[in-house]
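Hi everyone, thanks for making time for this. I'd like to walk you through one model today, so please have a look at it with me.

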Amino acid sequence: MGYPGYRFHDLRHTGLTLYGRAGATLADLMARAGHSDVGAVMIYQHSAVERDRALAARMEKLGE
């Protein structure tokens, strides 16, 4: 049973990544994941092209 090519950890990784993108702080992610080390939870922080564009647009507005 399961999905070929996927592991349970992949689901955990996706969930924590999405939690972070939704606005969770590092402390939130650490509590959710049960991590006591910031380095461990940083593994789940990924940037996306859409997020990069949104941040760049904000920076442009600050310069106006």
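**A walk through the helices**

Let's begin with Thr 17, which sits in helix H1; helices here are DSSP runs of H or I with at least four residues, numbered from the N terminus. Before going further, a word on where this comes from: this is a predicted model, with local features needing pLDDT of at least 70 and side-chain atom pairs counting only at pLDDT 80 or more, while totals for chains, interfaces and linings use all residues. Residues are numbered from 1 along each chain as its sequence is written, and side-chain values use heavy atoms, with hydrogens and water left out.

Back to our threonine: is Thr 17 buried or exposed? Its relative accessibility is 9%, so Thr 17 counts as buried. The cut-offs are under 20% relative accessible area for buried, over 50% for exposed, and partly exposed in between, using a 1.4 Å probe and protein chains only. Not counting residues up to four places away in sequence, Thr 17 touches Tyr 44 and His 46, where contact means heavy atoms within 4.5 Å.

Leu 29, Met 30 and Ala 33 are its buried residues. Viewed down the axis of H2, they fall within an arc of 100°, so they line one face of the helix; the arc is that of the directions from the helix axis to the C-beta atoms. On the other side of H2, you'll find Ala 27, Ala 31 and Arg 32 exposed. And what do the buried residues of H2 pack against? Their partners are helix H1 (8-21) and helix H3 (38-42). Ala 33, for one, contacts Arg 12 and Leu 16, leaving aside neighbours within four places in sequence. After H2 comes Gly 34, with a positive phi near 80°.

Leu 26, Val 38 and Met 42 make a nonpolar patch of about 230 Å². Patches use residues with over 30% relative accessible area and no salt bridge, joining nonpolar side chains (Val, Leu, Ile, Met, Phe, Trp, Tyr) within 5 Å and like charges within 9 Å. Areas come from the Shrake-Rupley method with a 1.4 Å probe, and for residues only the protein chains shown count as cover. Val 38 belongs to helix H3 and, at 39% relative accessibility, counts as partly exposed.

Next, charges. Side chains of opposite charge can pair when their charged atoms come close. Taking a salt bridge as a side-chain nitrogen of Lys or Arg within 4 Å of a carboxyl oxygen of Asp or Glu, the count comes to one. Arg 7 pairs with Asp 10, with the closest N and O atoms 3.0 Å apart. Arg 7 is exposed at 55% relative accessibility, whereas Asp 10 is partly exposed at 21%.

Finally, Arg 53 lies in helix H4, residues 49-62, and is exposed at 59%. From Arg 53 to Asp 10 is 43 residues in sequence and 26 Å in space, C-alpha to C-alpha.

How values were computed. Helix = DSSP H or I, 4+ residues; strand = E, 2+ residues; numbered from the N terminus.
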